[in-house]
Amino acid sequence: MRDLHTRLGPDAQLNDRMAAFVTQRLARARDYGILAMETAADVLHTVLGIVGDGHVYALESWGGGGLRDWRLAAGYTPVRPPAGWEQPALFDDKTPGPSLAERLRERPDASPVDEEAAGDLLWYADLADALAQLHGHEAAIVEYGPYYPQLATDPPPPEPAPLVPRPDTVPLAVAGAAQLVSLGGQVPRRCRTWAELVDGLLAGAAVAEALTGTFRLPAPLAGLDGTTVPGTAARLELARDPRKLAEWSDHMGNCIAGQDYIDDAIQGRCGLAALRDPDGRILANVELRPASHGWRVTEIRARFNGDPDQDLEERFARWVATIPPDTPAPQVAPPRPARTRGGRPSRRRSPDRLVQDVAEPLTGLAERALADAATTDATKVLATLAGFLDPRGDGAAAPLLAVTALRRASQAQLVQVCREALGDPSGGRLRLTEQGDPSGGPLPLAELWDATAVRPMATALAALDPALLARHDHLGLLADDVPLLPALRLLARRPGLAPARSMDLVARRLRVAISRLARESDPGLARSVAAHPTTGLLCALVIRVTCWGDPVRRAAARNGRAPGGGPAPEVGAARQNRPAPGAAPRGGTPAVIAVAPPGAVAVPGFPAASLNDGPWRRAWPDAAELGATTERFWDQIAAGGLLVPTAWLAAGGGWSALWSRAARNSRGRTR
């Protein structure tokens, strides 16, 4: 490029010799483009690595630099207009920041050349587009990520459409056409070409259903497609086939196109939708499921599984709750029971048989568990939490009533309660000093963790006569946070059993809240983990964090490559426990370090430990309640090693000091 710039000046003579010179240099354009992409990827990793060590000024000086002079000379390409560039920007300590497209929407009068900065990485996509065009494509394939985009400059040809006969060979073509006929396709009359035959076979209704997998939308939801959510400018768009989910998932960076969601939507067990702003931009993806008296929002996530706007989330949830339930078709009355020879109906099992068999022994066991000293201590902690819901209430006087209040709270309220109790008053409207906390300080996470380990209903069920458990094999549902069958509901409402079940349910939901705070990099939780860890608490949380993985590695690992096509950066021993690039804000995955190299099961520090046994093995039931899965955990261990948030090591001494502190604090503890 320097040679061309030097020789092709204003006074250059365009003759055969000059044409040969230019042709020779341009013959290596593709190689130069590949080298430029690899160099750009190295620059990105270098800058992000520096920021991971806390030097934010490097990102400010690099990412915030303008590109006005270069853009005025180079211009924008029609395949990559700046108004459509949605990649989050790399600017400062708020990385990732708003994309170039978002900033242009907020300032419609601004010129793109004045608004664009190096941290927008649009230049990176332009470079990939140029290389893709040398490979014969119109543009590169872009997959947005939380820190940088994944770019494919020479993507493989698209997969053939399902069930469409492939004309590669005669046997393949004939076999494909025969499959369409077996699905109900009709051979058209007077078709003269192969294309006419295939189009006619695909036109059948049965084949169309097999190709699309149309979702069964309940009538109350189907009628609301395209409706604006009251009090907002967001519009509801319902998915009617898997292809729409794939389109959303590609843009939002989530798993809404997963098979579980698709299966439930096809069966009509849920509704999957997107909330779009007036410009058509997706604000969030949502999952709706039927409730006892209508509908409820079971999941709502913004881009890259972030939290949506709080006001939008609350207004949408209130509106969904007003949607009428799906009215089932009237059912035919069941036939009369068969009569015996004596003319009397055959004997049926009484619906109260479960209550008669189990109520008395299970109630006695539950009351004994509620009277246990550990349960008494746990209810005091839960009563303190309930004070954050209603500071005027007297939870200490009636702790079991406080547990009931926590059970009636929403999951979002429980997250907020835990956030405030752990010492992050800035996250909410109440201060610790207003709650009457006798210690005058934050609630240690270890105490909250121990309180959520107390499960009086599960304890009572474990002590119940095995013969009764075998006869009524669904009794275990009483300790799970799931809807109950009518007979179990009668049992769960009995005075001696209701408070025991409430404590179990509240404990499970508080574990979910703790997991949410860990995911949000909550400072109160981080301080408490660093100051007062225990082995059971620390092992369970670290297992959960490792399942989330490194935020930058996770984006690169979608296709196993780093930006530009190079290998993904190592995390672990190869980086000497350096912080992973890019500290995430609240609502994102926390910045992490690898405390053990990829594939290692030995955990460093004293006392010695292994992921296969000891406290780490015992922590798995608790980690599962936080949302961890064994498959995901071991995949992450193989890819990046055991991961710990950097904020948990703030007390000094690194992982070894934190692990030793947890072991010391756990001596003599029963949980």
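The following dialogue takes up several labels applied to a predicted model and sets each against its value.

Student: Why are helix 24 and helix 26 called oblique to each other?

Tutor: Helix 24 (residues 498-519) and helix 26 (residues 535-548) pack at an angle of about 55°, and their axes lie 11 Å apart. Angles of 65 to 115 degrees count as roughly perpendicular, those under 35 as roughly parallel and those over 145 as roughly antiparallel, with the rest counted as oblique; the pair is therefore oblique. The crossing in which helix 24 passes helix 26 is right-handed.

Student: What makes up the contact of helix 24 with helix 26, by class?

Tutor: From helix 24, Ile-514, Ser-515, Ala-518 and Arg-519 meet Leu-541, Arg-544 and Trp-548 of helix 26. Sorted by class, this contact has four nonpolar, one polar and two charged residues.

Student: How do you know that helix 26 is mostly covered?

Tutor: A residue counts as buried when its relative accessible area is under 20%, and 13 of the 14 residues in helix 26 are buried. Along its length, helix 26 reaches 20 Å from its first C-alpha to its last, which is close to the 20 Å expected at 1.5 Å a residue. Just after helix 26 comes Gly-549, which takes a positive phi of about 85°.

Student: What span does helix 8 reach, and what is expected?

Tutor: Helix 8 (residues 122-134) has 13 residues and reaches 19 Å from first C-alpha to last, close to the expected 18 Å. Its buried residues include Leu-122, Trp-123 and Tyr-124, and helix 8 is followed by Gly-136, whose phi is positive, near 95°.

Student: Why is Thr-363 called buried?

Tutor: Thr-363, which is found in helix 16 (residues 353-370), has a relative accessible area of 13%. The cut-off for buried is under 20%, so Thr-363 is buried. Leaving aside neighbours within four places in sequence, Thr-363 is in contact with Val-358, Arg-494, Gly-496 and Leu-497. Thr-363 and Ala-498 are 135 residues apart in sequence, while their C-alpha atoms are 9.5 Å apart in space.

Student: Why are helix 25 and helix 31 called roughly perpendicular to each other?

Tutor: Helix 25 (residues 523-531) and helix 31 (residues 654-666) pack at about 70°, with axes 8 Å apart. Since 65 to 115 degrees counts as roughly perpendicular, helix 25 and helix 31 are therefore given that label. Here Val-529, Ala-530 and Ala-531 in helix 25 meet Leu-658, Arg-661 and Asn-665 in helix 31, a contact with four nonpolar, one polar and one charged residues by class.

Methods: Residues are numbered from 1 along each chain as its sequence is written. This is a predicted model: local features need pLDDT of at least 70, side-chain atom pairs count only at pLDDT 80 or more; totals for chains, interfaces and linings use all residues. Side-chain values use heavy atoms; hydrogens and water are left out. Axes are lines fitted to C-alpha atoms, for helices over the stretch in contact, and angles run from 0 to 180 degrees between N-to-C directions. Helices (H or I, at least four residues) and strands (E, at least two) are DSSP runs, numbered from the N terminus. A crossing is left-handed if the near helix is turned anticlockwise from the far one by less than a right angle, and right-handed if clockwise. Contact means heavy atoms within 4.5 Å. Ala, Val, Leu, Ile, Met, Phe, Trp, Tyr, Cys and Pro count as nonpolar, Asp, Glu, Lys and Arg as charged, and the others, Gly among them, as polar. The expected span of a helix is 1.5 Å times one less than its number of residues. Buried means under 20% relative accessible area, exposed over 50%, partly exposed in between (1.4 Å probe, protein chains only).
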